[in-house]
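Please examine the structure below before reading the briefing. The points that follow are grouped by topic.

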There are 2 protein chains.
Amino acid sequence: VALGEFELIDRLRELVGGGSPAESGERAEVVVGSGDDAAVTVPRGATVTSVDALVDGVHFRRETWPARSIGWKALAAALSDLAAMGATPGEAYVQLVLPADLPDAEALELGTGLAAAAHGHGVSVLGGDVSRGAVLTLAVTAVGHVASAEDVVTRGGAAAGDLLAVTGELGGAAAGLLLLDRPELSAAVPEAMAERLRRRQLEPAARIAAGRALAGAGARAMIDLSDGLGADAGHVAAASGVRLAIDLERLPVQDGVAQVAEVASVEEIDLAAAAGEDYELLCALPAERIDEATDAVASIGTILTAIGEVRTASPEGAGVSLRDSKGERSPRGFDQLRSP
Amino acid sequence: VALGEFELIDRLRELVGGGSPAESGERAEVVVGSGDDAAVTVPRGATVTSVDALVDGVHFRRETWPARSIGWKALAAALSDLAAMGATPGEAYVQLVLPADLPDAEALELGTGLAAAAHGHGVSVLGGDVSRGAVLTLAVTAVGHVASAEDVVTRGGAAAGDLLAVTGELGGAAAGLLLLDRPELSAAVPEAMAERLRRRQLEPAARIAAGRALAGAGARAMIDLSDGLGADAGHVAAASGVRLAIDLERLPVQDGVAQVAEVASVEEIDLAAAAGEDYELLCALPAERIDEATDAVASIGTILTAIGEVRTASPEGAGVSLRDSKGERSPRGFDQLRSP
């Protein structure tokens, strides 16, 4: 049975807008939730706001992706930016453009995915907007909080002598994308491993707890790996006015990435260092605090790996150098890896 | 000369993100603006957040609308929701989906329109996101502030005995849309009047000052007229659990709307009471404060017109009654007026 327009919106609102998370000292108090012209909150400290949009055919493919994953990923990607600031996510606002030919069941699955990501990350969806349009599009605004504005970690604080470290494992999302786009490649790895790789692409976790742990352990600059390690390190280098020297042989590459790379005729390093969307965190921190940071990240079940160091920008200018034993490398970026 | 992808984004960022407005006591302090993973602000009172999206072919037509107007309207529509809460807009976040065939010049014009609307309404654009995609889409998140959460005016406070009043004039946006869709109708009115009507549709003003004035003058419920008077009054009626009785003969209809309605073979009341996007404010306020509210709105150069009253919901239930001398009316809604 096809739902009427308003009924679909009501069902989506119920799915996505339901249930506030437990109040915390940092999170904003919610005075007016969804259903009015605007939401009203009373933030307690500083507010951190990020936006992210996913567009069918660009960031995902409606034909091959589960609708639930599309919803999940849209929210997780926006939350990842908050993680990279060291903030605790509190509220989110979701704008959906739904094509007329999208079955109601898929629209609701998408809502289920948004709700699951919200619940999983402790976020309340306080507002939204549903439009009809030709291309499925999800635009998310995520709002987080820190006790004080001084607690945020920007991209701009890396200093010469700092170590560079990365959370978790890299390359899984890109390998997963290859498996989604070219299912015949899945034979290269055991099915359970293939499924783990696909899920890295489809339903990433925003590294909220790790971001807070790193902020607490003295991280001076931080960014989430959405565009790929090389590009994202470049953003930190530019904002901090430094040179980042990364040793590609130290990258923590996820199991199975090498096998997928081989059957796809790309290099492992293309998937781990250039293709993005792993949503791990890259940070610069004082060398003497690396052990403390490693322990803090380990205590929440994630690994932290030192992968390089921060150097002064002169004489070669701010930027990134990616090296392995063969010398300087320029891994192939995400766009070149995506199938047309 | 076609701009590269990153150059276009940089140019858009410069256009839209430039210049913070003067600090005010209510507005949030901006600690980190655009260019990092997220923006950081320190709000002073309560925060009011609204989202709105415009999609090509649904909310505007790329072929016939000036790109500047598309940018302007996307921001103004989101700000209008803040006006309806009695909030002062402070910050905005903009997500753009730009088709590959959109000329750079048009993308920049769109940015110019966003920037003009931001400047005109005293708003800083603190963040954004540009994606490529098949359908031009603008999703805006607008953030406003009030000194205290008790100062916001929701849809839910209308009480029996209150008067209903509307700011400004109605019907202009719908008449303007007809003129945009069917230019041959423009002969019905002098060109300067046609241009005023088109601009009501293309570049509406969010009634920020009027919203604050009405909140200060005791408005108990308020909504902006985006869906049309009948539909928006219905939202207030449902949220407040009351019946709204509106006298259609008292509506302040904009000059030229009657003439356009006649040549378009629709009724004036269809344009003024059912078609939306005038972005005027409808409020319910105690009868004894109507003179104070009228003066407050007049002092900022706008008119306030009493158009009906609030009654108890029983026995006929919460809802809206639209009447003129011929009796109960059901004006034709916006969707039916749009050309296919």
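Is A:Tyr279 buried or exposed? A:Tyr279 is buried, because its relative accessible area is 6%; buried means under 20% relative accessible area, exposed means over 50%, and partly exposed lies in between, with a 1.4 Å probe and protein chains only. This is a predicted model, in which local features need pLDDT of at least 70 and side-chain atom pairs count only at pLDDT 80 or more, while totals for chains, interfaces and linings use all residues. Residues are numbered from 1 along each chain as its sequence is written, chains are lettered from A and ligands numbered from 1 in the order in which they are written, and side-chain values use heavy atoms, with hydrogens and water left out.

**Overall form of chain A**

- Chain A contains 11 helices and 13 strands; helices (H or I, at least four residues) and strands (E, at least two) are DSSP runs numbered from the N terminus.
- The radius of gyration of chain A is 20 Å, which agrees with the value near 20 Å for a compact globule of 340 residues. That radius is taken over C-alpha atoms, and the globule rule is 2.2 Å times the number of residues to the power 0.38.
- The C-alpha trace of chain A spans about 60 × 50 × 35 Å along its principal axes.
- Of the 340 residues in chain A, 61% count as buried.
- Contacts are defined by heavy atoms within 4.5 Å. Among contacts in chain A between residues at least 6 apart in sequence, 85% join residues at least 24 apart.

**Surface and charge of chain A**

- Chain A exposes about 12,500 Å², and carbon and sulfur atoms supply 50% of this area. Accessible areas come from the Shrake-Rupley method with a 1.4 Å probe, and for residues only the protein chains shown count as cover.
- Chain A has 27 positive and 50 negative charges, whose mean positions are 3 Å apart. Lys and Arg count as positive and Asp and Glu as negative, whereas His and the chain ends are not counted. Each charge is placed at NZ of Lys, CZ of Arg, CG of Asp or CD of Glu.

**Local features of chain A**

- A:Tyr279 is found in the loop between H9 and strand S10 (281-285) of chain A. The phi of A:Tyr279 is near 55 degrees, a positive value in a residue other than glycine.
- A:Ser265 is not a glycine either, yet has a positive phi of about 60 degrees. A:Ser265 lies in the loop between helix H8 (257-264) and helix H9 (268-274) of chain A, and counts as exposed because its relative accessibility is 60%.
- Helix H4 (residues 172-181) of chain A is mostly covered, with nine of its 10 residues buried. Among the buried residues of H4(A) are A:Gly172, A:Gly176 and A:Leu180.

**Interface between chains A and B**

- In the interface, 50 residues of chain A are in contact with 50 residues of chain B.
- The two chains, A and B, bury about 3,500 Å² between them, with 59% of it on carbon and sulfur atoms. Buried area is the accessible area (1.4 Å probe) that two parts lose on being put together, summed over both.

**Selected sites in chain B**

- B:Arg68 is found in helix H2 (residues 67-83) of chain B and is partly exposed, with a relative accessible area of 28%. B:Arg68 and B:Glu109 are 41 residues apart in sequence and 4.9 Å apart in space, C-alpha to C-alpha.
- Not counting residues up to four places away in sequence, B:Arg68 touches residues including B:Glu109, B:Gly113 and B:Glu203.
- B:Gly113 is found in helix H3 (residues 104-121) of chain B and is buried, with a relative accessible area of 0%. Leaving aside neighbours within four places in sequence, B:Gly113 is in contact with B:Arg68, B:Gly71 and B:Trp72.
- B:Gly228 is found in the loop between strand S8 (221-224) and helix H7 (229-240) of chain B, and counts as buried at 0% relative accessibility. B:Gly228 and B:Ala275 are 47 residues apart in sequence and 4.8 Å apart in space, C-alpha to C-alpha.
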